[in-house]
Amino acid sequence: MPSPILTVADARRRARGVLPRALFDYIDGGADGEVTLAANERAFREVALRPRMGVDPDVDLGTTVLGHSLAMPVLLAPAGMVQLVHPDGAVGAARAAASAGTLAVLSKIALCSPEELAANAPGPHWFQLNSAGGREEVKRLITRARDAGFDGLVVTMDGPPPGNHERDLRHGVVPPVKPTPALAARRQKATVQGATRVLGSGGLHRSSRFTWADIAWMREEWGGSLVVKGVLVGADAVAARDAGADAVIVSNHGGRALDGAPATLTVLPEIVAAVGDTTEVLLDGGVRRAADVVKALCLGARAVLIGRPFIYGLAAAGQPGVERILSIFHTELVRVLRLVGCESPAELDTSMIQAMHPWTESK
Ligand SMILES: Cc1cc2nc3c(=O)[nH]c(=O)nc-3n(C[C@H](O)[C@H](O)[C@H](O)COP(=O)(O)O)c2cc1C
């Protein structure tokens, strides 16, 4: 009997046990020296919560994100290749999100089409795209997503080029990562039939990055909510808003793009100060526990997204594994809110946090 999954770390261990090493490293790894990957998690540990006594709150985790009522302020981040991790794939993840009362963002490269997701998982659905393929391809995808009933579009700005994933290179997996037999080895072969091994050439693939003009163009093309993902500087959040974004996601791609980019929690205050009164601000990167969610909300995030935590859960046990991860976040969020003395996410603010080591830091 495997030990129970009580934490994200447990799910990670389980994923490591069941996945081929190349696939585990593809999920788990970051860019270059993995400095930003580590910093994301560390940033949460450097913030302390200031619990209030003398209150006995009846906690309700409900919130809204871009008009959607969610049961808790935790969404599933877009993630490519999840079909390789478990046959339940993106559909399983989206079903788990729906059963937890939240939503999952479908990655353009999740190996699941918008139509397939919409047909097999309850909404609301959000679709994430990147710049590959240019405006024609973007327009085609936007139309498909809209026709499939998607109402949110998440535009990822932090590539190309993709980050330099040294773990992948050591396994002979070269960008752009494709569903290769090397990655899929021993699992889900049926789901990646016909996939070919990735080019052995390596190097940088020169393709264009999205600009703010592209975002303004998408604002015209797309009738639903528009979310810009990958913002790390206040001025860029302003540019995203001015181009028509309804929300920004403070994200460094989970430390998978520019290594040396700041931990997302550390730049959240700058971005909230820049656009927080006009735009919803979401955050991802390094969220592993309910207390991390609470800290991000105290600093002004409306909600967070989790990437690896749900992918580990998916690898460990398919859709029920993702449900397990979301239920851990839900249960622990209720506990943490009660312990800090708050009834709802809306009550959290900067008065409820401080530096974990204020005296040593001031030296
Ligand atoms: C395996 C994997 C695949 C990802 N694929 C995408 C993707 O296709 N599009 C995207 O915008 N972000 C992608 N991301 C980044 C996530 O959306 C998110 O920003 C990041 O995982 C958050 O950090 P966390 O993993 O520490 O929670 C991916 C992340 C991982 C781990």
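Guide: A residue counts as near a molecule if one of its heavy atoms lies within 4 Å of it. This is a predicted model, in which local features need pLDDT of at least 70 and side-chain atom pairs pLDDT 80 or more, while totals for chains, interfaces and linings use all residues. Residues are numbered from 1 along each chain as its sequence is written, and side-chain values use heavy atoms, with hydrogens and water left out.

Visitor: How many residues surround the ligand, and which are the closest?

Guide: The ligand is surrounded by 24 residues, with Pro78, Ser107, Thr156, Asp284 and Arg288 the closest.

Visitor: Which polar side-chain atom lies 2.7 Å from an oxygen atom of the ligand?

Guide: Polar contacts are pairs of N or O atoms within 3.5 Å. Here that atom belongs to threonine 156. Serine 251 has a polar side-chain atom 3.4 Å from a ligand oxygen, and a polar backbone atom of glycine 80 is 2.9 Å from a ligand nitrogen.

Visitor: At what angle do the axes of H1 and H14 cross?

Guide: Helices are DSSP runs (H or I, at least four residues); axes are fitted to C-alpha atoms over the stretch in contact, with angles from 0 to 180 degrees between N-to-C directions. H1 (residues 8–18) and H14 (residues 308–340) cross at roughly 170°, their axes coming within 10 Å. H1 is therefore roughly antiparallel to H14 (over 145 degrees). Contacts (heavy atoms within 4.5 Å) involve residues including Val8 and Arg12 of H1 and Tyr312 and Phe329 of H14.

Visitor: What is the angle between H11 and H12?

Guide: H11 (residues 234–242) packs on H12 (residues 264–275) at about 40°, with axes 8 Å apart. H11 is therefore oblique to H12.

Methods: Helix = DSSP H or I, 4+ residues; strand = E, 2+ residues; numbered from the N terminus. Parallel < 35°, antiparallel > 145°, perpendicular 65-115°, else oblique. Polar contact = N/O pair within 3.5 Å; in protein donor to acceptor, adjacent residues only side chain to side chain.
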